[in-house]
Amino acid sequence: MQLLYAPRSPFSRKILATIVELDLTAQVSLVQVDPWTDETLRRHNPACKVPTLVLHDSSALFDSPVIARYLDALSGHTLIPSGPQTWDALRREALGDALAEAVIRRFVDQLGPGDDRLERVVARQEAAIFAILDRLEAAPEWMWAPTDLGHLAIACALDYLDGRSPELAWGAQRRLLATWFYDFRGRPSMEIAADPTIGTFRTNDRAIPLVEV
C-alpha cells in the first residue's frame with residue numbers, strides 16, 4: 001500500500017501514528033505530496049486531499065476516518081474498541097478531527113484581508129477550538145483508558161495546534177489535558193508521525209512511483 005501524505009497535515013499524522021500503533025509500517029510506502037500544487041494526487045483522490053491510501057488493487061481510500069477504519073480492520077480491530085466503547089472512541093476521534101479543522105480554518109482565514117466577515121469566521125473557529133478543549137478537559141476519564149483512535153486524533157490535533165497557533169496558549173487553563181498531551185506526545189507512534197524517517201516505513205518520496213489508475 002502507498003500512503004500519500006503531507007508532513008504537517010494533522011490528518012496525515014493521525015494515519016501515520018495509526019499505522020505505527022497497528023504495526024503495519026512494513027506494509028506501507030510513503031509518498032510525500034503537496035495537496036495545494038500536486039495534481040497527480042487528484043488521480044487517486046478527486047478532492048486532492050491528504051491523506052490518501054492507495055491499495056494493492058490500485059483503488060484508493062481517502063478521508064482519515066475511512067483510512068483509519070480500514071487499517072484497524074486489517075490489523076484485527078485494536079484501535080477501535082468493541083461494544084459501548086466504540087462510540088466513545090469514535091466521538092473523541094471526531095472531536096480531534098474537528099479541532100484540527102478549526103485550527104486549519106483559523107490559520108487560513110487569518111491570512112486574508114482583515115474585514116468584519118473574516119473576523120467573525122476566525123472568532124467562530126476560536127470558539128470551536130476552546131469549546132473542544134474545554135470538553136476534553138472537563139471529562140478526563142478517557143485520558144487513562146487504553147490507547148485508541150480517539151487518543152491519536154486528539155493528540156495529533158493538539159500537536160498541530162501547538163505548532164500552528166502557539167499564541168493561543170491553550171494549556172495554561174487546561175492542566176489535565178496539557179499534562180496528558182505532553183506525556184502522550186512521547187509515544188513512538190507520535191514521534192514517528194512527526195518524522196517518519198525515524199521509523200521503519202519504506203519512504204523515498206518521489207522515488208516511489210504512484211500507482212497508475
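**Strand β1.** I began with strand β1 (residues 2-5) and asked which way its side chains point: Gln2 and Leu4 face one way, Leu3 and Tyr5 the other, and all are buried. Buried here means under 20% relative accessible area, with a 1.4 Å probe and protein chains only. In a regular strand, side chains alternate between the two faces of the sheet. I kept in mind that this is a predicted model, where local features need pLDDT of at least 70, side-chain atom pairs count only at pLDDT 80 or more, and totals for chains, interfaces and linings use all residues. Residues are numbered from 1 along each chain as its sequence is written, and side-chain values use heavy atoms, leaving out hydrogens and water.

**Neighbours of β1.** Next I looked up the pairing (at least two DSSP bridges between two strands). β1 runs parallel to strand β2 (residues 29-32) over four bridges, and Leu4 sits opposite Val31 there. With strand β3 (residues 52-54), β1 is antiparallel, joined by three bridges; Leu4 has Thr52 as its bridge partner in β3.

**Helices α4 and α6.** Then I turned to helix α4 (residues 116-138) and helix α6 (residues 175-184), whose axes (lines fitted to C-alpha atoms over the stretch in contact; angles run from 0 to 180 degrees between N-to-C directions) come within 8 Å and cross at roughly 85°. So α4 is roughly perpendicular to α6, a label for angles of 65 to 115 degrees. Leu133, Leu136 and Glu137 of α4 meet Arg175, Leu176 and Leu177 of α6, contact being heavy atoms within 4.5 Å.

Note on methods:
Helices (H or I, at least four residues) and strands (E, at least two) are DSSP runs, numbered from the N terminus. Angles under 35 degrees count as roughly parallel, over 145 as roughly antiparallel, 65 to 115 as roughly perpendicular and the rest as oblique. Buried means under 20% relative accessible area, exposed over 50%, partly exposed in between (1.4 Å probe, protein chains only).
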